[in-house]
Structure formats: structure tokens, C-alpha cells
Amino acid sequence: MDNERYEAIIAEDADRAVRNAFKRKKRLVPTHIQLYPYQAERAYTRLLEGYTKKIRAEYKKAMPQILKAYKDEIHTDAAFNFTSLLGALLSVIRKNTSKIILGAALVGQLLKVGEQTQKTALTEWKKTINDTLKVNIYDDYYMGDFFQDNVSKWVEQNVSLIQGLTDDMATQMSELIDNAYSSGLKVTELQKQIQAKFDMDERRAKLISRDQIAKLNSQITQAYQRDAGITKYKWLTCRDERVRASHRALDGKIFSWDDPPEMWHEAKSGKVYEGRRCHPGEDYCCRCVAIPVFERDAVTLPIKDDKGNQK
């Protein structure tokens with residue numbers, strides 16, 4: 001038997017296996033609940049907290065000089081320009097923090113977190129396929145450039161995001177000190193405000209990690225499903241007390257990958273639609289997932305044969 005004929009038979013077997021899972025149904029919705037990549041989220045949180053501490057250390061090194069200049073300026077008629085001095089000090093801090101962020105280590109660390117997210121997504125995808133269609137899929141198929149591109153773009157975006165955080169911190173610190181100076185705030189009160197700013201940035205790191213991992217997981221999930229011929233999904237929340245009302249209202253409903261639902265929030269006047277349309281995981285800090293809706297005549301998957309080869 002020639003290779004072409006052999007491959008045709010294998011393809012027929014694969015198609016038959018999938019169709020057998022449907023029996024007389026035209027549509028199947030998996031019962032397997034796909035896990036959210038919490039491990040990757042925790043890894044990204046640790047990464048961001050580490051960089052936040054390094055950035056904060058740069059500010060702490062310069063803080064005695066900044067506070068002394070601030071104290072001298074508000075208690076004396078010193079001739080030097082406090083604003084210019086502050087700008088110069090913050091410029092040095094910004095330069096030093098940029099060196100930290102733009103180092104090769106950050107790219108490698110982000111890539112590791114991205115690959116960890118992808119690994120979880122692929123594991124859950126395989127479980128969903130096996131549990132629903134009773135077939136095994138070929139892992140290496142999902143290691144191709146088309147799927148890896150999601151992770152690569154995410155790494156680039158997050159390098160820019162973290163760089164933006166350092167720029168934002170410098171701008172906000174400048175505004176905080178300028179406002180304190182304009183209102184004649186005492187040095188001790190200024191120190192308290194600066195510490196509160198540092199504490200807020202640490203909390204922000206956790207929110208960013210959740211948001212960015214959720215977005216990458218959503219992108220990977222959508223790529224897997226669309227590639228498999230899936231056009232619709234069932235929205236599934238984490239079903240806990242942290243789920244926002246607008247997402248709770250979407251739980252269990254079917255949507256098209258081409259037509260995501262519009263987001264809204266509650267106000268005194270009722271629902272306020274925001275004009276944003278999101279798939280699960282795309283909204284800010286959204287932990288929801290998209291459960292695939294398999295259509296009998298549309299499924300295309302890289303199924304393994306009995307020898308572990310792709311059919």
C-alpha cells in the first residue's frame with residue numbers, strides 16, 4: 001500500500017473516531033472544567049514583585065537627598081531650583097531602572113512564564129479532547145510557529161508594560177512631591193505618602209500578573225479552538241465570590257468567537273454598557289474560561305494513531 005493511500009485510511013479512521021463520540025448528536029459541550037493557570041500567575045507575581053523591589057531600592061537610595069532638598073526648600077529661602085534638582089534625581093533613577101528592566105534576564109523570565117501558561121493550556125486542551133471525543137491529540141502540532149507566536153508577542157508586550165510601570169512611577173513620584181511642595185506638606189507626611197505609593201505598587205503587581213496571564217491564556221485557548229474548527233464556546237466563570245456581576249450573567253451561555261458579548265457594570269441607574277466586547281479572559285483581571293462547543297461536521301484535530309503518530 002502506498003503512503004498516500006495509507007494516510008487516507010488513517011484520516012478516515014480519525015474522522016470515524018470523532019464521529020463515534022458524537023453518536024447522533026450534532027453538538028457536544030465538554031464536561032471537563034478547564035483549569036485556570038494559577039501556577040503561572042503566581043510565577044508572574046513573584047517576577048513582578050522582584051522587579052518592583054529593585055525599582056523601589058533605586059528610589060530609596062535617592063530618597064535621603066530628595067527629602068533633604070525638600071526640607072531645605074520649604075524651610076529656607078534657598079536659591080537653588082528644587083524642581084530642577086528633583087527632575088535630575090528622577091532622571092537618574094529612571095535611567096537606572098531602565099537598565100534593570102531592559103536586561104536580557106527579564107525576557108527569559110517572561111518567556112518561561114509564558115511557556116508555563118501555554119503548557120497548562122495545552123494540558124487542559126488535551127484533557128478536554130480526550131474526555132469529550134475519546135481521542136488523543138498530537139502535542140508537537142501545537143509547538144509550531146503559529147501557536148508559539150502568541151507567547152512571543154505576549155513577552156514583547158509585557159517587556160513594554162513593565163518598562164511603562166517604571167516610567168509611570170517616576171511621573172507619579174514627581175507629581176506627588178510637587179503637590180506636597182505646593183501645599184507646604186511636612187517632610188514626615190511626605191514620607192508617609194511615598195511609602196503608601198510603594199505599598200500600592202506592590203498590590204498593583206498582583207493585579208497585573210492576574211490580568212496578563214488571563215489574557216495570554218485566552219489568546220492561546222482561542223487559537224487552539226479556532227484551529228480545530230470551533231466557532232462557538234460556552235462562557236464559564238470561576239463561580240466564586242470574586243466573579244463580577246456582568247460575568248456571572250454570562251456564565252453558561254454560548255457565544256461566537258466572531259461576536260464577543262459587550263461588557264457592562266452596575267450603577268444606580270441600572271446596567272451601564274461600556275462599549276467593550278470581550279471573550280473570557282480578555283476583560284481586566286478576568287479568570288473566566290471558554291469551553292469549546294464541538295460541531296460534528298466541523299472538528300479538525302491532529303489526532304494520534306495507535307503508534308503515537310499524527311493522523
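A cavity is a set of points, on a 1 Å grid over the protein atoms alone, where a 1.4 Å probe fits but cannot get out; lining residues have an atom within 4 Å of a point. Grid points are joined across faces, edges and corners, and a volume is the space filled by probe spheres set on the points. The model is predicted: local features need pLDDT of at least 70, side-chain atom pairs count only at pLDDT 80 or more, and totals for chains, interfaces and linings use all residues. Residues are numbered from 1 along each chain as its sequence is written, and side-chain values use heavy atoms, without hydrogens and water.

**Cavities**

The count is 3 cavities of 30 Å³ or more. Two are set out here. In the table, Ala, Val, Leu, Ile, Met, Phe, Trp, Tyr, Cys and Pro count as nonpolar, Asp, Glu, Lys and Arg as charged, and the others, Gly among them, as polar.

| Cavity | Volume | Lining residues by type |
|---|---|---|
| Largest | about 150 Å³ | 8 nonpolar, 2 polar, 4 charged |

The largest cavity has 14 lining residues; Thr-52, Ile-55, Leu-165, Met-169 and Asp-201 are the closest to its centre. Helices (H or I, at least four residues) and strands (E, at least two) are DSSP runs, numbered from the N terminus. α2 (38–75), α5 (145–182) and α6 (187–227) each give two or more residues to the lining of the largest cavity.

Residues lining the second largest cavity include Trp-125, Asn-217 and Val-289. α4 (104–133) and α6 each supply at least two of its lining residues.

**Strand pairing**

Strands pair if DSSP finds at least two bridges between them. β4 (residues 262–267) and β5 (residues 270–277) run antiparallel, joined by 5 bridges. They form a hairpin with 2 residues between them. Ala-267 has Gly-270 in β5 as its bridge partner.

How values were computed. 1 Å grid on protein atoms, 1.4 Å probe; cavity = no way out; pocket = protein on both sides within 12 Å on 5 of 7 lines; lining within 4 Å.
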